[in-house]
Amino acid sequence: NKRLVCIPGPTPVARCIQDQMARETVAFGDPDFVRDYKQLIEDLKSIFDCDGEAFPLAGTGTLAMEMAIANNTKSGDNVLIVSHGYFGDRFIDLCERKGLHVDIIGCEWGTVVSPAEIEKKLSEKEYSAITVTHVDTATGVAAPIKEIGDVVKKFENTIFIVDGVCATAAEEEYMGDMGIDVLLTGSQKAFGVAPGLFLVMASKKSLERRASLGTIPEFYCDYEKWLPVMENPAKYFATPAINLIWAMKESVEMIKREGVQNRYDRHKKNARAMQAAVESLGLKVLAEKEHRAVTLSNIIYMDGVDDAQFRNILMEEGIIVAGGLAAYAGKMFRLGHMGNIDTHDMVSTVATIERALHRVGKHDDMGKAVGVLMSELMK
Ligand code: PMP
């Protein structure tokens with residue numbers, strides 16, 4: 001039977017995007033490819049309101065995190081890490097290895113750090129950068145990026161780095177308006193492309209920071225190595241992932257057809273419908289209501305459900321979800337609902353969750369959550 005991939009990335013890849021990966025691979029200097037790569041870069045800058053440069057390159061989200069830190073800090077600098085969970089914490093080791101002094105503001109999983117707390121911390125000493133994970137995939141919480149951006153704007157020597165791996169192309173992100181200096185993501189989440197490409201978008205301020213640093217220790221992910229290529233993709237620094245670039249371009253064409261704000265609104269509506277549907281079954285969403293992500297839901301089991309058994313049944317019934325992380329391992333499942341999924345996918349997903357809960361003896365009123373989902377979607 002069909003297995004719908006409902007983990008929070010990789011997400012289902014639309015046929016037209018897959019077709020781009022199946023194309024005959026050309027030389028990186030091929031004029032058609034050079035034109036397409038340039039078009040992709042320009043479109044990304046325009047969609048995300050980036051006044052600097054967009055770098056869509058081979059690698060994953062973690063390398064994008066590394067590129068953001070590499071080009072905006074130097075050994076000995078202070079970095080403020082705002083962590084809402086597992087992926088926020090990933091910046092700690094990454095920064096410490098580079099010899100940065102790290103301060104961390106965390107919070108209970110499912111809640112957010114307040115912008116006021118961030119402002120207080122930023123006032124205490126000079127930070128060359130602050131990192132915030134827009135949606136921490138471990139908790140399903142969305143950080144208030146615009147409000148945090150308004151705070152960071154007051155500190156002109158601080159670069160605002162946003163990890164959008166589980167957010168970009170689904171949660172609202174306008175770099176200029178929100179004061180974001182570096183926005184980074186991977187191809188396999190809300191863009192709905194296969195894994196293997198990352199995207200770093202750097203503001204003018206971030207490019208200036210890089211220019212002030214002289215030679216940096218990193219080579220592959222140095223902005224300065226890639227700037228001439230982004231300007232003119234006929235130039236060579238390291239071989240671009242040609243078919244993935246085409247796939248990403250197709251994803252961006254889909255975003256342009258949909259309209260980016262419509263895409264954000266669609267994600268919001270879908271997420272609220274999904275969350276209402278699972279809650280109607282007696283399951284709990286970890287994130288506080290006002291801070292829930294639109295890209296995924298982290299759903300806590302009712303007492304007496306065995307995680308491994310439940311997720312196996314879900315797989316037999318046709319959907320794959322992810323397990324909980326750290327303290328939530330065995331206690332929750334994580335359900336992605338981002339990218340190019342449609343109403344068919346969502347109705348099937350909720351119906352499958354109902355069947356699986358029934359098979360573990362926790363649900364009888366079949367169709368209840370599907371009903372809630374449908375009425376929310378029809379609003
Ligand atoms: N940040 C966040 C918020 C993520 O969800 C992930 C991946 N789940 C990463 C960073 C790391 O990305 P990748 O696995 O593509 O290296």
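Glu258 pairs with Arg266 in a salt bridge, with 2.5 Å between the closest N and O atoms. A salt bridge here is a side-chain nitrogen of Lys or Arg within 4 Å of a carboxyl oxygen of Asp or Glu. This is a predicted model: local features need pLDDT of at least 70, side-chain atom pairs count only at pLDDT 80 or more, and totals for chains, interfaces and linings use all residues. Residues are numbered from 1 along each chain as its sequence is written, and side-chain values use heavy atoms, with hydrogens and water left out.

The search of the whole structure gives 32 salt bridges. Two of them are tabulated.

| Salt bridge | Closest N and O atoms |
|---|---|
| Glu258 and Arg266 | 2.5 Å |
| Lys98 and Glu218 | 3.4 Å |

Lys98 and Glu218 join distant parts of the chain, 120 residues apart. Lys98 sits in the loop between helix H4 (86–97) and strand S4 (101–105), and Glu218 in the loop between H8 and H9. Helices (H or I, at least four residues) and strands (E, at least two) are DSSP runs, numbered from the N terminus.

Next, the helices on either side of the Glu218 loop. The axes of H8 (residues 204–212) and H9 (residues 223–231) come within 11 Å and cross at roughly 130 degrees. Axes are lines fitted to C-alpha atoms, for helices over the stretch in contact; angles run from 0 to 180 degrees between N-to-C directions. H8 and H9 are therefore oblique to each other. Angles under 35 degrees count as roughly parallel, over 145 as roughly antiparallel, 65 to 115 as roughly perpendicular, and the rest as oblique. Ser206, Leu207, Arg210 and Ala211 of H8 meet Tyr223, Glu224 and Leu227 of H9. Contact means heavy atoms within 4.5 Å.

The protein chain splits into domain 1 (4–8 + 260–378) and domain 2 (15–258). These bounds come from an automatic or database domain assignment. Their contact takes 27 residues from domain 1 and 31 residues from domain 2. The C-alpha centres of the two domains lie 28 Å apart. Two salt bridges are counted between domain 1 and domain 2.

Two backbone features remain. The peptide bond from Gly9 to Pro10 is cis, with omega near 0 degrees. Pro10 lies in the loop between strand S1 (4–5) and helix H1 (15–21). Asp49 has a positive phi, near 55 degrees. Asp49 lies in the loop between helix H2 (31–47) and strand S2 (53–58).
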